[in-house]
Amino acid sequence: LLGGEMTLSAVRIDGADASPFYGEGDGSIMIPLTSALEPGASTVIRIDFHVCVPQDQELNYGVLASTDGVLAYAHGYPMIAVFDTDGWNLDVPPPYGDITYADSSFYLVRVHAPADLIMCGSGTEASRKEAGGQQEVVLATGPARDFYLAASREYQVITRASGDTTLRICAPDGTQKKAERALDIAARALDVFGQVYADYPYTKLDIVATPTLALGIEYPGAFALNELLLTPDEDFGGTQEDVWLESTTAHEAAHEWFYNLVGNDQLEDPWLDESLAQYATLQYYADRYGKDGASGMRESFYRRWDRVQREPIPIGKPVAEYYEDTYSAIVYGRGPLFFEALQRQLGESGFNSFLQKYTATFSWEEAMPEDLQRIAEAECGCDLDDLFNEWVYGRP
């Protein structure tokens with residue numbers, strides 16, 4: 001799906017050989033159990049696999065790629081599909097938008113690599129050994145929706161403490177000034193979102209510069225930034241680059257709450273995390289710069305929506321039902337404006353209370369659109385069908 005190849009050489013269940021077969025969706029396999037797995041019981045599935053990482057970034061923004069001296073390793077391992085009211089979720093992602101819909105899990109990852117390779121991403125280092133020019137590092141994290149690792153011999157690491165959280169940024173030499181700026185933004189964002197939604201769930205956050213084709217990409221306890229955002233004197237998109245750096249960093253930080261802490265089907269309901277992360281970015285700007293800052297960010301939403309002449313296209317469609325340009329205009333442009341409309345309906349204090357209850361209710365779970373509406377209606381004691389039909393569903 002991402003341009004590489006995954007080869008399975010052996011599959012075992014509780015030590016016995018299993019016979020997997022291809023599932024209904026491309027890139028999925030089914031592993032039959034020898035007997036039914038009862039509620040509360042467990043089984044151990046061992047999969048020996050080999051991954052060939054693409055050497056280009058043609059597909060899905062280069063989330064899984066080894067280019068320009070940087071390895072970006074995302075989604076390069078088997079994971080159990082989510083089973084929900086729709087059954088097993090085996091949807092094939094389009095070449096834009098997010099890749100997976102995942103339950104929260106615990107990860108223990110042992111990495112063997114050359115000793116001079118700098119690794120950044122999800123997880124906290126539990127142990128390290130170095131010998132003979134090699135390193136063995138054990139990383140642990142969870143609950144988490146995914147596990148992400150980026151590595152390069154060219155990375156310089158800057159570390160900063162922010163409250164109980166250690167912030168790190170891994171970026172090429174020569175980017176220190178903007179890297180420090182990204183740390184400032186991330187620290188402010190974690191503080192703002194921690195007060196409005198819930199405490200940040202980890203003790204570490206890594207920011208990683210990669211050659212990704214996206215502006216930024218979110219992962220648990222980490223996010224990637226397009227390395228051009230950190231490049232000195234880079235005229236990024238004809239706009240003052242610090243605007244892109246700040247808005248992208250705040251947006252990706254918001255995903256630690258909406259996508260990771262509160263999960264959702266990112267292929268079916270992308271607005272639940274992307275539009276809400278955009279609205280959170282607006283909250284960050286309001287806190288940092290007051291009404292003028294919020295007004296500027298709000299205008300950027302309208303400019304995105306202008307790409308489709310502000311057509312009232314529903315924000316609640318699956319990714320695959322939008323054209324790529326329409327997806328950006330609606331989910332990232334019109335979507336956060338819906339949350340502003342909801343905020344006006346609930347009032348500022350009621351809206352913040354709603355977000356806190358929504359976050360608490362679905363921490364490490366998966367929320368559906370009807371869940372968000374139900375909690376909002378409970379907060380205001382009102383019927384929000386008209387608002388949701390107008391913005392989310394496009395129903396008369």
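Reply: Buried means under 20% relative accessible area, exposed over 50%, and partly exposed in between (1.4 Å probe, protein chains only). This is a predicted model, in which local features need pLDDT of at least 70 and side-chain atom pairs count only at pLDDT 80 or more, while totals for chains, interfaces and linings use all residues. Residues are numbered from 1 along each chain as its sequence is written, and side-chain values use heavy atoms, with hydrogens and water left out.

Me: Is Asp206 buried or exposed?
Reply: Asp206 forms a salt bridge with Arg168 (2.7 Å, N to O); the term denotes a side-chain nitrogen of Lys or Arg within 4 Å of a carboxyl oxygen of Asp or Glu. Arg168 lies in strand β16 and Asp206 in strand β17, 38 residues apart; strands (E, at least two residues) and helices (H or I, at least four) are DSSP runs numbered from the N terminus. Because its relative accessibility is 0%, Asp206 counts as buried.

Me: Which residue forms a salt bridge with Asp206 at 3.0 Å?
Reply: Both partners of this pair are buried, Asp206 being one of them. The closest N and O atoms are 3.0 Å apart, and the partner is Lys204.
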